[in-house]
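Hi everyone, thanks for making time for this.

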Amino acid sequence: MAVLQGAEAKLYVGDFYGRPCIMKERFVKNYRHPTLDKALTNQRIKSEVRANLRCKISGIQTPTIFMVNFETNSIYMEEIQDAVTVRQHINTVQASEPNLSSVCEQLKPLAEVIGQTLAKMHTNNIIHGDLTTSNMLLEGDPKDLSLFLIDFGLSSFEASAEDKGVDLYVLERAFLSSHPNSQDVFDCILAAYKNQMKDKSASKEILSKLDEIRLRGRKRTMVG
């Protein structure tokens, strides 16, 4: 039984030789020629698995990949049990604490971990492609800040400051739309990102690109 369905895939919960498992099955796109669809789907699966593994090598926690089945367009991966999404955690904190400054203070350690994690990812030229607080998990007690990145279905490998700036912009838009009045928390993420980046000129260029992308986004909104 499917537990979740997105635009690209269905997720199923089960076990893999006794280990808790999530099976992600990508849809066949009937509007594409079957040969082309198979080739593109295989490419996306390979990119997703590669990004996941490259993150692990970089010291970023991600679900362990158990198996890939190209015949069924499926990835079998570890289910992170006893976890909540970062989105759920932030919403819980915001609901329990009416004072904005107290919310920011409580979430600052998490924001720092998120910023440091994204800096590691971008240092290794991994672009997530769909950064949201729903694609980050906190395992165990959220206060332990055991952060996992998940869902690399739109990932790519790019060295350009533009692509990294877009990645941050996607997160900012998703973050502020899901968590109103949280700009200070996102600013903490960016500060930690900047501090974690060893190449200061690179981080300066990426954050400058983020400002450019924000400006382009505002212009599109005004025109629309």
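**A walk through the chain**

Let's begin at Leu145, which counts as partly exposed because its relative accessibility is 24%. For the cut-offs, buried means under 20% relative accessible area, exposed means over 50%, and partly exposed is in between, with a 1.4 Å probe and protein chains only. Leu145 sits in the loop between strand 8 (136–139) and strand 9 (146–149). Helices (H or I, at least four residues) and strands (E, at least two) are DSSP runs, numbered from the N terminus. Leu145 is not a glycine, yet its phi is positive, about 60°.

Before I go on, a word on where this comes from. This is a predicted model, in which local features need pLDDT of at least 70 and side-chain atom pairs count only at pLDDT 80 or more, while totals for chains, interfaces and linings use all residues. Residues are numbered from 1 along each chain as its sequence is written, and side-chain values use heavy atoms, with hydrogens and water left out.

Now Asp151, in the loop between strand 9 and strand 10 (156–157). Asp151 also has a positive phi of about 60° without being a glycine. With a relative accessible area of 32%, Asp151 is partly exposed.

Let's zoom out. How many helices and strands does the chain have? There are 6 helices and 10 strands. The radius of gyration is 18 Å, close to the 17 Å that the globule rule gives for 224 residues, so the chain is as compact as a globular protein of that length. That radius is taken over C-alpha atoms, and the rule is 2.2 Å times the number of residues to the power 0.38. Along its principal axes, the C-alpha trace spans about 50 × 40 × 35 Å. Of the 224 residues, 41% count as buried. Among contacts (heavy atoms within 4.5 Å) between residues at least 6 apart in sequence, 63% join residues at least 24 apart.

On to helix 4, which has 18 residues and reaches 26 Å from its first C-alpha to its last, close to the expected 26 Å at 1.5 Å a residue. The expected span is 1.5 Å times one less than the number of residues. Its buried residues include Leu168, Tyr169, Leu171 and Phe175.

Which residues does Tyr169 touch, leaving aside those up to four places away in sequence? They are Leu210, Ile213, Arg214 and Gly217. Tyr169 is buried, with a relative accessible area of 15%. Tyr169 and Ile60 are 109 residues apart in sequence, and their C-alpha atoms are 21 Å apart in space.

Moving along, His179 lies in the loop between helix 4 (161–178) and helix 5 (183–196). Is His179 buried or exposed? His179 counts as buried, because its relative accessibility is 0%. Not counting residues up to four places away in sequence, His179 touches Arg87, Ile90, Asn91, Gln94 and Thr133.

Then comes helix 5: its 14 residues should span 20 Å at 1.5 Å a residue, and its end C-alpha atoms are 20 Å apart, which agrees. Among its buried residues are Val185, Phe186, Cys188 and Tyr193.

One last stop is Pro109, which lies in helix 3 (residues 100–123). Pro109 is partly exposed, at a relative accessible area of 36%.
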